[in-house]
Amino acid sequence: MEKVGIVGYNQVKLYSDANYGRYEMIFEAVRGAIDKAGLKKKDITTVVSCTNDYYDGRTISNCFTVDVGGSYLTDESKVEMDGAHAVLYGLMRVLSGNHKLAVVWGGSMASCFPYHSARLYETDPTWERPLAYVNDITSAGFQMRAYMEKYGVSVDDIAKVSVKNRKNAAKNPLALEEAQNANITVKDILESEIYADPVTELMVAQPCDGIAALLLAPEKQALKITDNPVWITGVGYSQDTYYLGDRDLSTCKSMENAGKMAFKTAGIKNPKEEIDVAEFFEAYAHEELIFAEALGFADKGKGASIESEINGNLPINPSGGAIGGNPPCATGIIRIIEAAKQLTGEANGYQVKGVKKAIASGQIGMCAQNNILYVLEGSN
Amino acid sequence: MSKRTQRKSLDYVKKDYVKTRTMPGNWYLSSYTYKFNLTHMQPFLKKLKEKKLVGLKCPGCNRVFFPPRLVCGQCLIKPNQWVDLRETGEVASFTIAYLKDPGTGKVQEKPMVLIRQDGADTVYMVELNPEVDYKDTYIGMPVKVHWSEDLKGSLADIEYYDLVEDNARDLDLHKE
Amino acid sequence: MGRQVAIVSAGFTEHASKRSDVNMPELISEAIEDCLKKVPSISFEDIDAYVNGNMPAFEGANIPELWMTDWMGARNKPLMRVTTGGTTGGTVAIAGYYSVAAGLPGIDTVLAIGFEQQSQGNTATGLASVAYGEITVYNTLGITYERLTRILSAGAAIGVASYQATNYMHKSKITEEDLARVVVQNRRNAAKTWWAHLKMPDLTIEQVLDTPYISYPLRYGMVCPASDGACAVLFTTEEKAKNMCDIPVYVNGVSSIAHETAVLGYNCSGSGQIDPSEQLGAMKSAELAYGQAGISFPRKEIDYAEVYSPFPNQELMWVEKLGLFEETTAPQMYENGVTSLKGELPICCSGGVNSTNAIGASALERPAEAALQIMGKASNQVPKTVHTAIGHGWGGSLNLCTMMVMSDEPQRKWR
């Protein structure tokens, strides 16, 4: 696979109830990304957006965003999954040779709608939706319980993940204010309100308002636009089956398959040694451990033994992860942006030293049904 | 599709599909609250109160937007120059909607028009004077603003558009 | 960078106004079966990735492809979802093309699926909710709901199309007989297509004009139905296509240009499209796709066209905007039989969208039928050999337009 470069990115500050309008936010993200790269509107050849009809309260949610998204009289399309899948489509468009600069933007405003009611529409309408026993809240509880029972992981280990992420988010100026808790302890996490036993409220990535945008260009053009582009050297994506009973919830098969495909494409033989930083989209704290084990960073059940602090062996989510703010449809793009910031040295306050290769992930579906993984490399 | 046409088509599609299990359901789109910015509209609404029309001009492409627009898509910048517009305009497009009066059950015909204000480069959806006969509407028909009685600084200050005498009509060789 | 992509097969389901015997996953599995049975040399294991799309507002299911994983055979396989409203099928086809053209390792064969089951939900609400966000702005700025319902009562998709029809009729001076003639041709063609919805082999112009108006100048007899149905198309690389079918169809040009909305602007501003029948976006889309495919004279080089026209005035407009005929001459072409089955440039011999409209699948069925015509396997096959064909789609508020140009010779632009 030829190398594709990330040449610019921008993310608005995440708010749980922003004072913005939707179009203003999209314009800020896209215009900021283009200005950061020093380009003009005429340089854009294609735009891929990522929004969801149900999260935006209207059908054809890309119909009226033509002006603000920079897609006036340009080749434009919309992916309706996580933002990281929109980056995948932008990547495919650049790799085909037809386009020289792709703008990918995505996000939505979770304060406008009851998030869990809208998530209920993902469930099977015949068997699951009438009683609503299986939904995104209870499936989180199922997954955490399955993981804890199979490997004997204690609730404290999982709460420590949330503590680490919230302390990291306190160093990230763009993260959600409610998630920036610099002095939080394991006891606070365990005593917060029950979400779906054993998941408590502070272990959940809270949905909020936000839009993020990034720019992709092929190798030759990326080197002309900026001095240190971040290269995407590998990508892998895979979807597991839908019904929770058909899957083993204590592991994540789709992340394993995505990891295999991405590492093979990037030529990485030993991910534990070669990867310096990981940015996962973990919708719940226990998913971070499950993903780390699925990719081979630790043995099954020993995910808590990874030193994932910022100055540890393998830092995971130095920016706070999705627990630091989860705008639906934008979180995947934000994970890629944070990994890119680590590679270019722009992550002020939470920079990991000596980063050469990083990974970033996105997911969609209950219990991480569809996962996508990117391998990123710096240019120096 | 109307029941009449559907019944007609069923003559040619004689197939009965076996009914499978169905579950009732509904989705509440009305539980959504929309957020939008209106700061760029405030000067426009203030001038409406004074019975004046203004448009917003983009310095990049020189297009004038009426009503004002947040971002010009062609240049990807926020336009910021206000220009005055005349009260006259012309009909850019129209259609005739057939509305069933819920009281009497009769089908009314109402013209729906898109008006382009003189000096602006956008069209806007409005109503015509209620006494206008729909058979008189044609593309290019000149119209003028009819202000409402109480001006509150809202879009409803433009109540409807009146017809203006068309001096160029006798040069028009094609009659609609 | 990139590589040549070919279409090897296309499958359809039976379209009807109410497919009460299947639910959504079973519907698409029918289309996939029909697609794969035409290529007996491969089976589910050989499909490397999937692309799926529909318009989610109609069935009340958000991201339904998560639920339909097993019915598609996509367990533990890569899958991507693309939706853009009316052009969903076109963008699904284009996403299938890009999935193969990108050359990601291990992804050579991609199955693209578009579907819709409109009888499960309310079509009018689904279409009207495009503008919900903008209508609330009008309401905040002082226009009462009562006045809004009067202003927007021309209805969602039909309303915007009727503005376009008025402008087009003013430009080309067509009569209602011209519109009815297009409808008659389409419905008679659909009678010979096994999967179409409205099959009327004996329709006449008088019967079409005998129905009441919905919104001037469109009558009930002229508009498209609302159908349930699905379509599946198989994309693969040039080398593998030669082993899968006799005549692989090479995809040479794709584009999906977006213009600003017509009739209603965003955030309560006016619309920039002063003449909705001018369609700058569609002309640019056609130009881009023809340029990629190396077509300089569309009228001479294209042998067959499938345009997306739920209303007959749009069919007359699109064939001019896409460069197939001169401006304002399209009605004469229909009268003289140039666009009929045995004419020089047959258009929509499957009945077009006027006879079958499952919104998520329609824009995919256009390139699929055009591809089948090139392969010689369409159910209403034109008598002459088809070498180059186009499939087109439009959607949104008259602002999105997709194009796919196919031929039986690869356009080797990556030399």
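**Exercise 1.** What percentage of the contacts in chain A between residues at least 6 apart in sequence join residues at least 24 apart? Describe the overall build of chain A as well.

*Solution.* The model is predicted, so local features need pLDDT of at least 70 and side-chain atom pairs count only at pLDDT 80 or more, while totals for chains, interfaces and linings use all residues. Residues are numbered from 1 along each chain as its sequence is written, and chains are lettered from A and ligands numbered from 1 in the order in which they are written.

Step 1. Two residues are in contact if their C-beta atoms, placed from the backbone, lie within 7 Å. In chain A, 77% of the contacts between residues at least 6 apart join residues at least 24 apart.

Step 2. Helices (H or I, at least four residues) and strands (E, at least two) are DSSP runs, numbered from the N terminus. Chain A has twelve helices and eleven strands.

Step 3. The radius of gyration is taken over C-alpha atoms, and the globule rule is 2.2 Å times the number of residues to the power 0.38. The C-alpha trace spans about 55 × 45 × 40 Å along its principal axes.

Step 4. A residue is buried if 20 or more other C-beta atoms lie within 10 Å of its own, exposed if 12 or fewer, and partly exposed in between, with C-beta atoms placed from the backbone. By this count, 63% of the 380 residues in chain A are buried.

**Exercise 2.** Describe chain C in the terms used for chain A.

*Solution.* Step 1. Chain C contains 16 helices and eleven strands. Its radius of gyration is 20 Å, close to the 22 Å of the globule rule for 415 residues, so chain C is as compact as a globular protein of that length.

Step 1. Along the principal axes, the C-alpha trace of chain C spans about 60 × 45 × 45 Å. Of the 415 residues in chain C, 66% are buried.

Step 2. Among contacts in chain C with a separation of 6 or more, 80% are between residues 24 or more positions apart.

**Exercise 3.** Which residues touch the most other members of the largest nonpolar core?

*Solution.* Step 1. A nonpolar core is a set of buried Ala, Val, Leu, Ile, Met, Phe, Trp, Tyr and Cys residues joined through C-beta atoms within 7 Å. The largest one has 306 residues, and Leu214(A), Leu215(A), Ala112(C) and Val233(C) touch the most other members.

Step 1. Helix H16 (residues 359–375) of chain C gives the largest share of this core, ten residues.

Step 2. Leaving out residues up to four places away in sequence, the residues that Ala112(C) touches include Val51(C), Val92(C), Val233(C), Phe235(C) and Leu364(C).

**Exercise 4.** How many residues of chain C are in contact with chain A, and which element gives the largest share?

*Solution.* Step 1. The contact involves 58 residues of chain C and 57 residues of chain A. On the side of chain C, H3(C) gives the largest share, six residues.

Step 1. Ala, Val, Leu, Ile, Met, Phe, Trp, Tyr, Cys and Pro count as nonpolar, Asp, Glu, Lys and Arg as charged, and the others, Gly among them, as polar. The side of chain C that touches chain A then divides into 26 nonpolar, 25 polar and seven charged residues.

Step 2. Two strands pair if DSSP finds at least two bridges between them. Strand E3 (residues 74–79) of chain A is joined to E8(C) by two bridges, and the strands run antiparallel. Thr74(A) stands opposite Ala258(C) in E8(C).

**Exercise 5.** Where are the backbone exceptions in chains A and B, and is each residue with a positive phi buried or exposed?

*Solution.* Step 1. Most residues other than glycine have a negative phi, and most peptide bonds are trans.

Step 1. The peptide bond from Asp197(A) to Pro198(A) is cis, with omega near 5°. Pro198(A) lies in the loop between strand E5 (194–196) and strand E6 (199–200) of chain A. In chain B, a cis peptide bond joins Phe66(B) and Pro67(B), with omega about -5°.

Step 2. Cys329(A) has a positive phi of about 80° and is buried, with 31 other C-beta atoms within 10 Å. Lys51(B) has a phi near 60° and counts as exposed, with 12 C-beta neighbours inside 10 Å.
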